[in-house]
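Welcome! Take a moment to look over the sequence and the model below, and then we will walk through a few of its features together.

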Amino acid sequence: KTLEVFCPVTCGCGSDSPRGSGCPTPFGYTCSGGEVQGCLTWDGKHFCEGFNAEVLRADILFSIVDFLMASDYASEIMLALQTALAQKASVTQPVHPQTIQLELNFDWELSAKGKIWLIEDGMNATEMTSALFSTTLADLQVAVDSSLQSFGVPVNDLGFALTSFSNPDAIYGPYGADGYGDGYSLLNDIRDKLT
């Protein structure tokens, strides 16, 4: 029998296999309940933050003129953002765009939350963070537009414009370690210290 080392699907193991079932639990995670959702599988290897990889986070806000066109080109928009972030972060080692996880939001706030995985030897988080976040919004916009054009997206009709690019870890500190700034944890900590 073959036994996968990460999210096994043979030998009766799968995403519905609970703890204690005898199925492997890579990095201590089961494959159910989204436990490994925040991990990355790349080039036949598996990476989980805090176990065998670091991540840099980036928050991006943008505007769009044509929402219908944006929904048609959502995958191209995502790849263009990944490619631009990879270009700007590639200072100590090349970053492949597919090693950047993005969560696009086209709802009430047009945004993207990114995780840039530092998975190669020699990747220096400090240097990469400095290079990435010293990039001007205009330079990042040029990189995104260039990628969109190379994918055949009518950039002028789409009207995709970056409005903000920031490092959530620098803004929120430890309360933004997940990239979302958990204000409830901060309020609970303050309340606990006052009582």
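Is Thr83 buried or exposed? In this predicted model, Thr83 is buried, as its relative accessible area is 17%. You will find Thr83 in helix H2. Leaving aside neighbours within four places in sequence, Thr83 touches Pro97 and Ser147.

Ser147 leads us to helix H4, where Ser147 is one of the buried residues. Helix H4 covers residues 137-150, 14 residues in total, and reaches 20 Å from its first C-alpha to its last, close to the 20 Å expected at 1.5 Å a residue. Its buried residues are Leu140, Gln141, Ala143, Val144, Ser147 and Leu148. Seen down the axis of H4, these buried residues fall within an arc of 160°, so they line one face of the helix. They pack against helix H2 (74-89), helix H5 (155-158) and strand S6 (161-166). The face turned away from the buried side carries the exposed residues Ala138, Val142, Gln149 and Ser150. After H4 comes Gly152, with a positive phi near 85°.

Now for the aromatic rings. The structure holds three aromatic pairs. One of them, Phe133 with Phe165, is stacked, at 5.1 Å centre to centre and 25° between the planes. This pair links distant parts of the chain, with its two residues 32 residues apart. Here are the two partners:

Elsewhere, Phe62, Phe106 and Phe160 form one aromatic cluster.

Note on methods. Residues are numbered from 1 along each chain as its sequence is written. This is a predicted model: local features need pLDDT of at least 70, side-chain atom pairs count only at pLDDT 80 or more; totals for chains, interfaces and linings use all residues. Side-chain values use heavy atoms; hydrogens and water are left out. Helices (H or I, at least four residues) and strands (E, at least two) are DSSP runs, numbered from the N terminus. The expected span of a helix is 1.5 Å times one less than its number of residues. Buried means under 20% relative accessible area, exposed over 50%, partly exposed in between (1.4 Å probe, protein chains only). The arc is that of the directions from the helix axis to the C-beta atoms. Contact means heavy atoms within 4.5 Å. Rings of Phe, Tyr and Trp (its six-membered ring) pair if their centres lie within 6.5 Å; planes under 30 degrees apart count as stacked, over 60 as edge-to-face and the rest as tilted.
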